[in-house]
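Me: Could you walk me through reading a few features of a model, starting with exposure?

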Amino acid sequence: MNFLAKKSLAFAISLCAAGLLFAQQHITNFGVVDTTKVYEQFFRNSSAVKSYEEKRAAFQEEISRRADEIRDLQTKLQEAQDLGMDSDVKKFQDSIRIKSSNLKNYTQQKNAELNNIKNNLSNNNEFYKNLNRTIKKVAENEGLSMVINLQQSNAILWYSPAVDITDKVIESLEQQ
């Protein structure tokens, strides 16, 4: 075999080997979706979300009212201390302690109630079935092999905004 033939054969073998390696290598394209953003955008005007927001605002108003009462009592306590009114000081201290404890309990109870309502809203099975179908459709249109939920993965330390398909998912859901 002459030198040129050997070089041509070596080049052809190298090219075939490179082609096989390239064919075996599958490049995975990732996308990310912020499901909380999708949910908030999609359900922004729903009656269930409006009800949640109204309850949250009412609870916050009540918490603020109770906190104002405690601040007023603290002012009165300071005045009683400045005037040396020991019986009033004790009365205000007891009242502040009771109201602070009640406020803490109320806040914990209402936060738990709001979290329960929010979890019920976010676990709407029909919505998530539709969301999953839509994510699949958008991912296939974008040529993605995997989509990661930004809200449920602490492993994501950084991602390029170019892989975020959240707005496309929202747009697709709104067109349905």
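Reply: Gladly! Buried means under 20% relative accessible area, exposed over 50%, and partly exposed in between, with a 1.4 Å probe and protein chains only. By that rule Gln 176 is exposed, because its relative accessible area is 55%. This is a predicted model, where local features need pLDDT of at least 70, side-chain atom pairs count only at pLDDT 80 or more, and totals for chains, interfaces and linings use all residues. Residues are numbered from 1 along each chain as its sequence is written, and side-chain values use heavy atoms, leaving out hydrogens and water.

Me: What does Gln 176 touch, not counting residues up to four places away in sequence?

Reply: Contact means heavy atoms within 4.5 Å. Gln 176 touches Asn 130 and Thr 134. The C-alpha atoms of Gln 176 and Thr 134 are separated by 9.5 Å, though the two are 42 residues apart along the chain.

Me: How do I read a nonpolar core?

Reply: Look for buried Ala, Val, Leu, Ile, Met, Phe, Trp, Tyr and Cys residues joined through side-chain atoms within 4.5 Å. The largest one here has 15 residues, and those with the most contacts inside it include Val 33, Phe 127 and Leu 173. Helices are DSSP runs of H or I with at least four residues, strands are runs of E with at least two, and both are numbered from the N terminus. H2, H5 (125–142) and H6 each give two or more residues to this core, and H5 gives the most, with 5. Apart from it lies another core of 14 residues, among them Tyr 52 and Ile 96.
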